[in-house]
Amino acid sequence: MRKMSAAAARRTALAAQGFGRRKPAAPTRRTVLDVVGRTQLLQLDSVSAVVRAHYAPVFSRIGGYDRALLDEAAWSHGARRPRKLVEYWAHEAALIPVEDWPLMRWRMARYDHGRWEGMRRAVERNPTLGNDVLEVIAEVGAATAGEVERHLELDKPRPKGSWWNLSDTKMICEQLFANGALSVDKRVGFARHYDLVERVIPPEILAREVAEDEAIRELTLRAATALGVATEADLRDYYRTHRTQTEPAIAALVDAGELERVEVVGWDKPAYLRTGAATPRRIEGAALLCPFDPLIFFRARTERVFDFHYRIEIYTPEPKRVHGYYVFPFLLNGELVGRVDLRAERAAGRLLVPGAFAEPGYCTSETVAALAEALREMADWLELDKVVIGERGDLAPLL
């Protein structure tokens, strides 16, 4: 079994995710989609302290770009500009290539009666509400859960002590999204506008049937492509599959020559190298990584690959936070060298940096210069005039 150094594994992981490449002078729809071709998915999240989570990984890899390019690929389509991305539960809620929709059908089947217990209870409370929702959307087109409820009230005035309400309507919409009856046609103000799946997914993709074992193999291969070199746990986490699914898939991919079993020095578990994955001699460049970036969203892997202990502190009471509310790790020349608490004040045109912290050994002039440039680049991308540095952290006074 071939051995890899930890440094080589780290460079392989970064290259697989699209780091170390020259940034395009003028990003296009094609270069935006090339990022998704490498990461395979972009996680969605409602927090907008700086910018929505799905936009940030693209910026980290190609620099300032027009976010409308990503919006159009996912939520606007037409005869000349077909939809390229679609929402579904992949890692978490995520944008995935529309061609991958059939690979998720096994999960849709498992979610048929509810994705979680509260949703199952909502379905049990409202046995006919699902059909009512589908009828409304079939008639009026893409709609939010609130719009669906208003149409239901017009058609079926709500009696006192009604068996459905806004929260249940939203949960039923989410349930129909989870089991594949509905998809998301567009977002307005980040609110989902649900539509019948056949009006969102092209018919030739919707008609494709994929057995569960084949789908898991394909998803495991996509995870391996995105990660470069990974443990079984890494591969399993990427699409949130189960060990009982991932282990046979890995074995089949090793037999097929798509994965190679390797030993990474310092890793405590076997690793699998994607056949053909590049291992550059060096990774150069700087990037601010949002908490939901695919490079770092599996915290155990982040610690193993980068020796970087990272936890998001959004839900930690402020007095107990170590680094801040919404902290971006800072990648510089292939290493995570610091972390920066960030906030965008759009009305005031300011990018706030309440805290900036160096990892041990990286509180240097090189780190400061690169971080200052990266912060200015982010502010320009977000159309913010000023970068305002706070007082917390050893990098703050140097910045």
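These notebook entries record what I looked up in a predicted model.

**Basis.** I used a predicted model in which local features need pLDDT of at least 70 and side-chain atom pairs count only at pLDDT 80 or more, while totals for chains, interfaces and linings use all residues. Residues are numbered from 1 along each chain as its sequence is written, and side-chain values use heavy atoms, with hydrogens and water left out.

**Entry 1: α2 and α4.** I looked up the packing of helix α2 (residues 29-39) and helix α4 (residues 67-75): their axes are 9 Å apart, at an angle of about 70°. Helices are DSSP runs of H or I with at least four residues, strands runs of E with at least two, numbered from the N terminus. Axes are lines fitted to C-alpha atoms, for helices over the stretch in contact, and angles run from 0 to 180 degrees between N-to-C directions. R29, V32 and L33 of α2 and L69, L70, E72 and A73 of α4 make the contact (heavy atoms within 4.5 Å).

**Entry 2: P97.** I found P97 in strand β4 (residues 93-97). P97 is buried, with a relative accessible area of 17%; buried means under 20%, exposed over 50% and partly exposed in between, with a 1.4 Å probe and protein chains only. Leaving aside neighbours within four places in sequence, P97 is in contact with V36, Q40, K84, L85 and V86. The C-alpha atoms of P97 and R243 are separated by 24 Å, with the two residues 146 apart along the chain.

**Entry 3: V133.** I noted that V133 touches V148, I172, C173, L176 and L182, not counting residues up to four places away in sequence.
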